[in-house]
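Dear colleague,

I am passing on the structure below, and I would be glad if you could look through it with my notes beside you.

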Amino acid sequence: MGCSKWRAVFNFGHLKAQSKLSVFLTMIIIFTYLFYCLSGYRESLPRPVYDQQTTFINKILGLNDELKQQKLDPHKNSSPGSVVRELPGFDSVDSLMQGNDNELRPDNNISIANNYGSKTFPQAIIIGVKKGGTRALLEFLRIHPDVRAVGAEPHFFDRFYDNGLEWYRNLMPRTLESQITMEKTPSYFVTKEAPRRLFALSRHTKLIVVVRDPVTRAVSDYTQTLSKQPGLPSFQSLTFRNSTTGLIDTSWSAVRIGIYAKHLENWLRYFPLSKFLFVSGERLVTDPAGEMGRVQDFLGLKRLVTDKHFYFNQTKGFPCLKKPEGSSRPRCLGKSKGRPHPQISPEVLLRLREFYRPFNMKFYQMTGHDFGWD
């Protein structure tokens with residue numbers, strides 16, 4: 001074979017080897033890059049979240065034996081807290097979280113997390129009562145660095161339950177591990193289905209009820225409605241079914257809300273008294289720091305909200321928060337708070353007070369606290 005032919009064969013082989021080497025080097029670079037990316041993504045996850053996800057997956061994989069045991073003994077653990085409940089918004093994996101293994105219940109807030117915190121279900125809820133001082137309490141709590149709360153009322157357990165748990169959780173602010181999530185919806189306290197629905201989500205939620213003299217509360221409730229509906233009938237005509245007999249109309253919401261003992265009975269069917277804190281709406285005005293001390297203790301928080309945060313606004317007639325650093329003015333509740341009440345006949349108020357007296361006495365016994373409304 002001539003030299004030129006050998007040279008051609010050599011060049012062809014050299015090119016072929018060079019091509020294989022290029023492909024090989026390219027593949028090494030691609031695999032190295034992919035390995036680096038995957039390793040970096042894993043390490044970028046917050047460690048508690050990564051570990052929690054791993055534990056959660058292992059729990060699900062090991063759940064078959066427990067489910068089989070439940071089939072063998074369907075009556076075991078049949079208390080309200082252990083039966084499987086169907087909640088809107090759960091897919092098949094979320095449904096497993098409702099089993100007997102407490103670590104898989106929503107109580108543990110399997111959360112949507114990133115480096116800036118997690119969206120979790122609230123650990124504490126202000127459940128009532130309307131016109132009792134719930135907005136003031138929430139605003140006072142929000143200055144605590146370990147509290148994050150929803151500003152608007154979610155109304156999940158009374159109006160929007162069918163929207164599902166993911167919808168509810170997405171309303172929550174992101175919180176760090178050291179913080180607690182809160183919300184307030186005063187109508188929960190008087191909603192028949194609310195205790196059962198909340199218990200199905202978490203039996204460990206702390207419940208705060210702000211109560212106020214039911215007569216004063218009813219007048220305040222009426223005043224708020226009157227500001228929105230100027231043509232509203234008089235307070236007296238709405239209070240009595242029959243003004244001659246003096247029979248109180250308990251179907252009117254302004255009256256019905258103040259029968260605290262009745263509503264509390266419904267909640268105590270699901271939650272023990274130890275899960276409740278009853279805050280005095282009157283003391284929240286006269287001694288906000290003292291009442292806030294009780295609230296912080298109940299929530300397991302350091303007493304950081306103290307006397308130094310409050311001053312009494314003579315014009316509005318209730319305490320406001322002192323000017324925070326970097327702000328040009330103090331923080332007071334809006335114009336809808338502290339409205340002047342209309343003149344109500346003393347006789348009407350007296351009859352209403354007599355109506356509430358036995359319910360108040362029962363409420364004092366149930367809570368172990370005399371609020372001094374009589």
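A search of the whole structure finds 15 salt bridges, a salt bridge being a side-chain nitrogen of Lys or Arg within 4 Å of a carboxyl oxygen of Asp or Glu. Please keep in mind that this is a predicted model, in which local features need pLDDT of at least 70 and side-chain atom pairs count only at pLDDT 80 or more, while totals for chains, interfaces and linings use all residues. Residues are numbered from 1 along each chain as its sequence is written, and side-chain values use heavy atoms, with hydrogens and water left out.

One of the salt bridges joins the side chains of lysine 130 and aspartate 221, at 3.2 Å from N to O. Lysine 130 lies in the loop between strand E3 (124–128) and helix H5 (134–141) and aspartate 221 in helix H8, so the pair ties together parts that are 91 residues apart in sequence; helices (H or I, at least four residues) and strands (E, at least two) are DSSP runs, numbered from the N terminus. Aspartate 221 is buried, with a relative accessible area of 2%, where buried means under 20%, exposed over 50% and partly exposed in between (1.4 Å probe, protein chains only).

Arginine 353 and aspartate 213 also meet through their side chains in a salt bridge (2.9 Å, N to O). Because arginine 353 lies in helix H14 and aspartate 213 in the loop between strand E7 (206–211) and H8, this pair ties together parts that are 140 residues apart in sequence. Arginine 353 is partly exposed at 23%, whereas aspartate 213, at 9% relative accessibility, counts as buried.

Best wishes
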